[in-house]
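Before reading on, take a moment to look along the chain from one end to the other. The paragraphs below move from the whole chain to its sheet, then to a loop and a core.

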Amino acid sequence: MKLLAGCPNCGRTLELSLSAADRRVACPACGRKFKVPTLEDLQKALSVADAAKGAVYVDENGNVYG
Ligand SMILES: [Zn+2]
């Protein structure tokens, strides 16, 4: 399963591993740091992830999209 996060500053999509959950990551394009939701939050998206063929999109507010 891929974890995708959109940079809130420049909008670039970052591909993360699940180990990035609940941590701050830095955007490689602009350097902006932002928060990745916790695994607990991500659990809610697992069924969505199935529908999305293995990729989950998250934002820094903990919202999860398939
Ligand atoms: Zn960025």
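A residue counts as buried if 20 or more other C-beta atoms lie within 10 Å of its own, as exposed if 12 or fewer do, and as partly exposed in between, with the C-beta atoms placed from the backbone. By this rule, buried residues make up 14% of the 66 residues in the chain. The model is a predicted one, in which local features need pLDDT of at least 70 and side-chain atom pairs count only at pLDDT 80 or more, while totals for chains, interfaces and linings use all residues. Residues are numbered from 1 along each chain as its sequence is written.

The chain has two helices and six strands, where helices (H or I, at least four residues) and strands (E, at least two) are DSSP runs numbered from the N terminus. Read from the N terminus on, these elements follow the order β-β-β-β-α-α-β-β.

Four strands form an open sheet, in which the order is 2-1-5-6 and the pairing is mixed; two strands pair if DSSP finds at least two bridges between them. Strand 2 (13-16) and strand 6 (64-65) stand at the edges, and because each has a single partner strand, one side of each is left without a neighbour in the sheet. Strands of a sheet pair through backbone hydrogen bonds, either parallel or antiparallel. Here strand 1 and strand 2 run antiparallel and are joined by four bridges, with Gly-6 having Thr-13 in strand 2 as its bridge partner. Strand 5 and strand 6 are also antiparallel, joined by two bridges, and Tyr-57 stands opposite Tyr-65 in strand 6.

What lies between strand 1 and strand 2? The two strands form a hairpin with six residues between them, and Gly-11 in the turn has a positive phi of about 85 degrees. Arg-12 lies in this loop and is partly exposed, with 13 other C-beta atoms within 10 Å. Leaving aside neighbours within four places in sequence, Arg-12 is in contact (C-beta atoms, placed from the backbone, within 7 Å) with Cys-7, Cys-27 and Ala-29.

A nonpolar core is a set of buried Ala, Val, Leu, Ile, Met, Phe, Trp, Tyr and Cys residues joined through C-beta atoms within 7 Å. The largest one consists of six residues, namely Leu-3, Ala-5, Val-36, Leu-42, Val-56 and Val-58. Strand 1 (2-6) and strand 5 (55-58) are the elements that give two or more residues to this core. Beyond neighbours within four places in sequence, Val-58 is in contact with Leu-3, Ala-5, Val-36, Pro-37, Asn-63 and Val-64.

Conventions:
Two residues are in contact if their C-beta atoms, placed from the backbone, lie within 7 Å.
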